[in-house]
Structures are given as C-alpha cells and as structure tokens.
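Student: Could you walk me through this protein, one question at a time? I'd like to learn how to read a structure like this.

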Amino acid sequence: MNALLFNSTLVIYAVVTAIYLLYLLKPKESLGKVGLWLTLAGFVVHCGFTVNRYLEAGHTPITNLHESLSFFSLAIVGIFILFERRYKISILGSFMMPLALLVMAISASFSSVIPPLNPALKSKWLAVHTIMAFLGYAAFAISFGVSIMYLIQSHFLKTRRLGPMFQKLPALDLLDDISYRCLTFGFPLLTFAIISGAIWAETAWGTYWSWDPKETWSLITWFIYAALLHGRLTTGWRGRKAAMLSIFGFVIMLFTFLGVNLLLPGLHSYK
C-alpha cells in the first residue's frame, strides 16, 4: 500500500507540474483550475501515504531521507495550496509544483525500508520538532519561488520587455507582500523547531546545545532569516535586495537540511 500511494502521488505531481508549465505558455483559467484540483488530489493521496506510513512504522515518518524528503514535499504542496487560495495566483504553481515534484523524485531514490528507530528518536519531541521545522522550511520554499518570480518580473520592467510572461506574473508589490507573509509564517516555526530541538537534545543527550554541525547550521539559517525579517520591519527592506536574501537563505536552508546531514558527521547524520 505504501508503494502504491507514494507512486500515485509522484505520478499526480508529475501531471500537475506539466499542466502548470503549460499554463506558463498558455495562461488559460481552465488550466489553472485543473492544476489546482489535481494538486488537491495529489495532496490528499500524499497525506494518505504519510498516515499509512505512520501506522506501519508506529512513529512520525520523518526519520530517514526517504520519509523526510517526502514530508518536505507534502509541506511545500500544503503551504502552496494555502497561499494559492489566499492570493488567487495560479502561476505560483508553475514555480512551486516542479520543486515539490523534484523533492519527491529525490525521495524515491532512497530506500523506503522502515528501519528500527534510534533510541534517541523515541520521544514525543520527534513529531513536534520535525513537523515545525518542515512547515517552516516549506514557507521559506514558497518565499524562494516568489522571490524568483520577483526577480524575473523586475528584470522585465528594467529592460522594458513587457511581453506575454510579464503579463502573466503578478505585480512586484504583491510578490513582495507574499514573500513577507511567508517569512512571518516560517520564521516563528523555525524558531520553535530550534527551541524544541534543544529541549529534546537535553533529554536525549544531556545537553541543550552541543554545537553539532546541524545545530550550528540551523542557527546560521535562523540568523539569515532573522536579519531579513529585522530589515523589513525596521528599515523597510524590500524589493530586489529582500528577494536576493530570501533566495540565499533558502540555499543555506537546503544545505542545513541535506548537505549537513549527508556530508558532515554528527548526531543528525543520515549515514
């Protein structure tokens, strides 16, 4: 059942991605609606996979790369649906669903076997810490996609290339506002994830903070988004500069999530 639900999700996301990319070429309202409905269907199937995995494993299914990447993709799609419905921007799917599909495809490349749970992970904090972290990551992913859209639209305006693509993309002010909303949504979640992780570390390893590579890079990620949020709130830091820092923050976040876990030895290593 797990394999069927996972593969079904992958296929649906692939179809949705094709529809949204076609929407870039032919921005018909019908394509946007079909894309959204299929996204909702894929999200439901993906939730079914996650719940079934939970029932089979007996714990929150975010303990290896296959599960973590799958849940990250699920979170991206869920947050995308919320923002798409809030702002009615179908073209956002043209940037976010390919990312969700890519994350799922990478997830499929890792073993789906459910391994024995590490004793340190047998804690009520597993669900709290990981879910909060991935919801925050997903919000930053949306901010990343919107920032890419902002830079593209800004380039069109600067070069006065006001062609079909320019007409499809939202106004700069709206894109900037969405990016800010993602930041105010994701930053508290990341903060809570770090705090809950420190509490969990104390119960599991006897110390709140050990400067493990994952902890260090999580703190670096936090400072980047804190600087971005502080700049926007105190000095009105907006526009291209904010978009560039949002993209940079997402790249660092990806390294914190994947690079650190795969490349640097530590308590959070997937090796």
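Predicted model: local features only at pLDDT ≥ 70, side-chain atom pairs only at ≥ 80, totals over all residues.

Student: Okay, is L55 buried or exposed?

Tutor: L55 is found in helix α2, residues 29-57. Helices are DSSP runs (H or I, at least four residues), numbered from the N terminus. The relative accessibility of L55 is 63%, so L55 counts as exposed.

Student: What about D176, buried or exposed?

Tutor: D176 is found in helix α7, which covers residues 172-205. Its relative accessible area is 5%, so D176 is buried.

Student: Which side chain does the side chain of D176 join in a polar contact of 2.6 Å?

Tutor: A polar contact is a pair of N or O atoms within 3.5 Å; within protein, one must be able to donate a hydrogen and the other to accept it, and residues adjacent in sequence count only if both atoms are side-chain atoms. Leaving aside neighbours within four places in sequence, D176 is in contact (heavy atoms within 4.5 Å) with Y150, R232, R238 and G239. The polar contact of 2.6 Å links the D176 side chain to that of R232.

Student: S196 lies in helix α7 too. How far is a polar atom of its side chain from the backbone oxygen of A193?

Tutor: S196 counts as buried because its relative accessibility is 1%. Not counting residues up to four places away in sequence, S196 touches W125, V128 and H129. From the backbone oxygen of A193 to a polar atom of the S196 side chain, the distance is 3.0 Å.

Student: How far apart are the C-alpha atoms of A100 and F80?

Tutor: A100 is found in helix α4, residues 93-108, and at 0% relative accessibility A100 counts as buried. Not counting residues up to four places away in sequence, A100 touches S73, I76 and V77. A100 and F80 are 20 residues apart along the chain, and their C-alpha atoms are separated by 9.8 Å.

Student: Last one: how far apart do the C-alpha centres of domain 1 and domain 2 lie?

Tutor: The domain assignment gives domain 1 (1-117) and domain 2 (131-271), with bounds from an automatic or database domain assignment. The contact takes 24 residues from domain 1 and 30 residues from domain 2. Their C-alpha centres lie apart by 20 Å.

Notes. Residues numbered from 1 in each chain as written. Heavy atoms only, no water. Helix = DSSP H or I, 4+ residues; strand = E, 2+ residues; numbered from the N terminus. Buried < 20%, exposed > 50% of the residue type's maximum accessible area, 1.4 Å probe, protein only.
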